[in-house]
Amino acid sequence: MQRLIRELMLSHFDAPELAGLEDCASLAVEPGRLALTTDSFVVDPVEFPGGDIGRLAVFGSVNDLAVGGARARYLTFAVILEEGLSMALLERLVASAAAAAREAGVSIVAGDTKVVPRGAVDKIFINTSAVGWIPPGRSLSIAQARAGDVVLLSGDPGRHGAAIVAARQDLRLDAAIASDCGDLTPLCAAILEAEPQTRCMRDATRGGVATVLNEIAEASRLSIRMDEPALSLDPAVQGLCELLGLDPLYLACEGRLVAVVPAARAPAVLEAMRATPIGAGARQIGVVGTEVAGRVSMRTALGGERIVDMLAGEPLPRIC
């Protein structure tokens, strides 16, 4: 275990706070409110088009802080390994996580490694916790949407979930689907610079865009109406969903966010979003109203309207 930590982990994670291998990290404190999140990652397969569990674990926690208006500074990284796991695979995943941390500008300052008997876990499970700071005066909440606000989506939905199911089932599609796994920090910063009074942002992970919109509508006691043509689904994702009977609105995203902003500022925010690589496909997908509190609906391409409920059940387990 000592060799594994020193020769593998420390060779990729080089933060000075970690190098001493103390029982705790001593961190500098910044002005503002502390932001903290934690998550566990059990995705299957552990490597997939567009990412892997190491990259996903880093960006998953970093993005949770970013949509809350914070910038992640420190990250913990704990792994549970299955006995017999290939060292070559483990090194690829650790190297990927380290590269993602450098990309996001976050330091991995603490961690843990456990090995359990074969079959107790499936290859590798990862837990990460991210710490950052929210600047004074900044406040974002899903309860802050107002009637007349507009709903923005940073790109096409469902890509991560579609990539995972295609890789898991070894589907040989004409057009490959790559996960949208990425760092949302620059996009969130651009949104808040364009409109400091942004009501809320939320990354559309488990449960997808539909579940996020239901959470916002319920917390704000308002309604949201989407416009189906504005979603601009990726043809490969749409084709896979039609083949398997899935709804892309409920598939996980790992590099997409939903933002609610005042209508007057929407054009400026969209311009700022589209100026970032990860937000190039941003568009307005809906409006906030007062029809039925907590209800999300969608105007279909044929001109009808349907209710978009909260996700019930888990159609794709182990998606992140």
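**Notebook: salt bridges and overall build**

I began with Glu195, which counts as buried because its relative accessibility is 7%, under the 20% limit for that class. I note here that I am reading a predicted model.

I then looked for the partner of Glu195, and found that its side chain meets that of Arg265 in a salt bridge, with 2.9 Å from N to O. This pair joins distant parts of the chain, 70 residues apart: Glu195 lies in the loop between α6 (185-194) and β8 (200-203), and Arg265 in the loop between β10 (257-261) and α9 (266-274). I looked up the cover of Arg265 as well, and at 33% relative accessibility Arg265 counts as partly exposed, whereas Glu195 is buried.

Next I turned to Arg299 and Asp227, which form a salt bridge whose closest N and O atoms are 2.4 Å apart. This pair also links distant parts of the chain, with Arg299 in strand β12 (residues 296-299) and Asp227 in strand β9 (residues 223-227), 72 residues apart. I recorded both as partly exposed, Arg299 at 38% relative accessibility and Asp227 at 23%.

I also checked Lys114 and Asp112, whose side chains meet in a salt bridge at 2.7 Å, N to O. Lys114 is partly exposed at 43% relative accessibility, and Asp112 is likewise partly exposed, with a relative accessible area of 35%.

Beyond these pairs, I found Asp156, Arg159, Asp180, Asp234 and Arg256 linked in a network of salt bridges. In total I have 19 salt bridges for the structure.

I finished with the chain as a whole, which has nine helices and 13 strands. Its radius of gyration is 20 Å, close to the 20 Å that the globule rule gives for 320 residues, so I take the chain to be as compact as a globular protein of that length. Along the principal axes, the C-alpha atoms fill a box of roughly 60 × 50 × 30 Å.

I noted that buried residues make up 51% of the 320 residues, and that the chain exposes about 14,200 Å², of which carbon and sulfur atoms supply 52%. Among contacts with a separation of 6 or more, I recorded that 87% are between residues 24 or more positions apart.

Key: Residues numbered from 1 in each chain as written. Predicted model: local features only at pLDDT ≥ 70, side-chain atom pairs only at ≥ 80, totals over all residues. Heavy atoms only, no water. Helix = DSSP H or I, 4+ residues; strand = E, 2+ residues; numbered from the N terminus. Rg over C-alpha atoms; globule rule 2.2 N^0.38 Å. Buried < 20%, exposed > 50% of the residue type's maximum accessible area, 1.4 Å probe, protein only. Contact = heavy atoms within 4.5 Å. Areas by Shrake-Rupley, 256 points an atom, 1.4 Å probe, with all protein chains shown as cover. Salt bridge = Lys/Arg side-chain N within 4 Å of Asp/Glu carboxyl O.
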